[in-house]
Amino acid sequence: MTTSRVLLISGFGPTHKNSGYVRGTLFDPQRATAVEQDYFGSQFTLRELGFEYRGRRYPLLRPRRWTVPHLTTVTLEAILQAAAIDYALLDTATIWDGTALPPPGDFDYVLLSTTFIWDRATMARAVEWIRTFLPGASIVLGGQYSNLKWATILTDHPDVRAVLRGDAEEVLPQLLIALRSGHNLARIPNLAYREPCGELRTTGIQYIEFDALPAPAFRGRVHSVPYESMRGCPFSCKFCSFPAASPKWRYRSAASIRDHWVGYAERNGAGFVKAMDSTFTVPPTRLRELFELLPAAGVDWEAYSRANAIRDERTVEQLARARCRTLSIGFESMSADSLRNMHKQVTVAANRKAFQLLKQSPVGYRCSFMVGYPGESPREYQHTHDFLTEEFSGHFTLSVFGVSDETMPLWEDKETFQIEVLDPANPDFSWRHVGMDVDTAYELNHWTLDEVRRRNDDAVLIIWQDSYQRWLHPGLTRQQNLRLEKTVERIAMLPRDHPDPCVGRAVLAELLARLAEYGCHRGDPSGYTSEPLMTD
């Protein structure tokens, strides 16, 4: 493979589906500075906010000095490196923001990860960039979206030579060799491809022995490491197509996980692992083994979980002892009917129990909710709205249901819930069902987010925090830091809550006084220290 070059294009998607909520506010990713100027003139900017800590003045909003590397990119790079394939990397973010240029030199093949692509328009945008800048290269796709949409993609995009489905570790090097030599692809597993005559073909799916697969290696010092402890998912939530893309559930043993994490700490100085699996806390037998093995590993971690894995106080104590820093849990709904329709296999009582157990614990948590699942009416959604506005404390997200593809099990209920997609090219934003339509769902989403901000001092929306170090103030408790974040959100969202700047400036004075209670004040940004203060 030394005579061929590969361009790997991988990274996150172009935006968050619900990013429109912060448009026109101080959290607007494209116009935040302009909004500040329009709304406050030269009288205020978020950059003024700061605090004193151990004799130094720090900005309250401090950009992160490091982030967790992108798991898909790390995995693909490890495959290419192990096969001694000459490659260059291009972050998909540069395609979405319009700054992408090919690295120097010629490329024979382009590998495009579609893991964070979710619609035909975004897919077309990426392929068009490749066609424009690298017209002679063969295009190979892989990842969640193309695993599910391979037939549509191969039909719509003649420039795409093949789609790799499932495990890539063994197949990707074989595919590149076959493409270079002109060999028939029929003997290579895990492929969908187009014959020279135009006919679409697929080959059988083969799975690697996942627990025996080495964990991806990192070069040099890496503070935070992404990790994959399983492929596939043992559950069958009807809103999720993940099991369709990777039907066979496989997972690493507790001993392998421990050994990998200790290795990252010793070789790379990693002090934090982010497990990216759909549900790290299953199977229960492995979790019990991890409780015994991880305390001595010397690594903090966070992961995704289900609410019913948080069984009792002892479970929470064991999580804390095992150095679990944060759990992300998909509550999805506080309506029994909606959870049943989703086949979530978790009850409202289990959601509430997990919340109460974690609320008083040292383990952080982020809970996600959904509005608009098929069959859900505004009346049923009220249960979720009321829980968020009246009971919940901590970090949360609230998303609008999306119909990302036809492989979702929810289509089994198409007739029951009268599910329709009005624009197949834009399904996430053009659906309706017996309970509501997408416009109503977005209205409810924004209504809840507005009401939580106004009425609940302790429930904090996750929408801007990942850009900054957390906690904001290392000298305060978690509860106090939540109040800080809440106040910052209220300040940043003033243009939405109070369109009249005169009213908003009066409210700003009240919010600044609230920040002062926690030792945070306005100051000259140029006077804040640039010394690192890592609180993540």
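This is a predicted model: local features need pLDDT of at least 70, side-chain atom pairs count only at pLDDT 80 or more; totals for chains, interfaces and linings use all residues.
**Entry 1**

I started with helix α15 (residues 438-455): its 18 residues should span 26 Å at 1.5 Å a residue, and the end C-alpha atoms are 25 Å apart, so the two agree. For the record, the expected span is 1.5 Å times one less than the number of residues. Helices here are DSSP runs of H or I with at least four residues, strands are runs of E with at least two, and both are numbered from the N terminus.

Residues are numbered from 1 along each chain as its sequence is written, and side-chain values use heavy atoms, with hydrogens and water left out.

Next I asked which residues of α15 are buried. I found Val438, Ala441, Tyr442, Leu444, Asn445, Thr448, Leu449, Asp450, Glu451, Val452 and Arg453. My cut-offs are under 20% relative accessible area for buried, over 50% for exposed, and partly exposed in between, with a 1.4 Å probe and protein chains only.

Then I turned to α16, which has 15 residues and reaches 21 Å from its first C-alpha to its last, close to the 21 Å expected. This helix is mostly covered, with eleven of its 15 residues buried. Among them are Asn481, Leu482, Leu484, Glu485 and Lys486. I looked up what the buried residues of α16 pack against, and the partners are β17 (394-400), α15, β20, α17 (494-497), α18 (501-516) and β21 (520-522). Contact means heavy atoms within 4.5 Å.

**Entry 1: the second largest pocket**

I then checked the second largest pocket, which holds about 270 Å³ of space. The search ran on a 1 Å grid over the protein atoms alone; a pocket is an open set of points where a 1.4 Å probe fits, with protein on both sides within 12 Å along at least five of seven lines, and lining residues have an atom within 4 Å of a point. Grid points are joined across faces, edges and corners, and the volume is the space filled by probe spheres set on the points.

The lining has 17 residues, and those nearest the centre are Ala78, Leu213, Pro214, Ala215 and Pro216. Which element gives the most to the lining? I found that helix α2 (residues 71-82) does, with six residues. By type, the lining divides into eleven nonpolar, two polar and four charged residues. Here Ala, Val, Leu, Ile, Met, Phe, Trp, Tyr, Cys and Pro count as nonpolar, Asp, Glu, Lys and Arg as charged, and the others, Gly among them, as polar.

Two of the central lining residues, Leu213 and Ala215, turned up again when I listed what His260 touches: Leu213, Ala215, Tyr227 and Arg252, not counting residues up to four places away in sequence. His260 lies in helix α8 (residues 254-268) and is buried at 16% relative accessible area.

I found Arg219 in the loop between β9 (200-202) and β10 (224-227). Is Arg219 buried or exposed? Arg219 is exposed, with a relative accessible area of 69%. Beyond its neighbours within four places in sequence, Arg219 is in contact with Gln81 and Asn268. Asn268 is 49 residues away in sequence, yet the C-alpha atoms are 7.3 Å apart.

Asp86 sits in strand β4 (residues 86-91) and is partly exposed at 34%. Leaving aside neighbours within four places, Asp86 contacts Ser4, Arg5 and Val6. Its C-alpha is 8.8 Å from that of Leu7, 79 residues apart along the chain.

**Entry 2: cysteines and backbone**

I searched the whole structure for disulfides and the count is zero; the cut-off is a pair of cysteine sulfur atoms within 2.5 Å. Cys367 is buried at 1%, whereas Cys197 is exposed at 62%.

Most residues other than glycine have a negative phi, and most peptide bonds are trans. I noted a cis bond joining Val282 and Pro283, with omega about -5°, and another from Arg470 to Trp471, with omega near 0°. Pro283 is in the loop between β13 (272-275) and α9 (284-293); Trp471 is in the loop between β20 (459-461) and α16 (478-492). For positive phi I logged Arg323 at about 75° and Gln418 near 55°.
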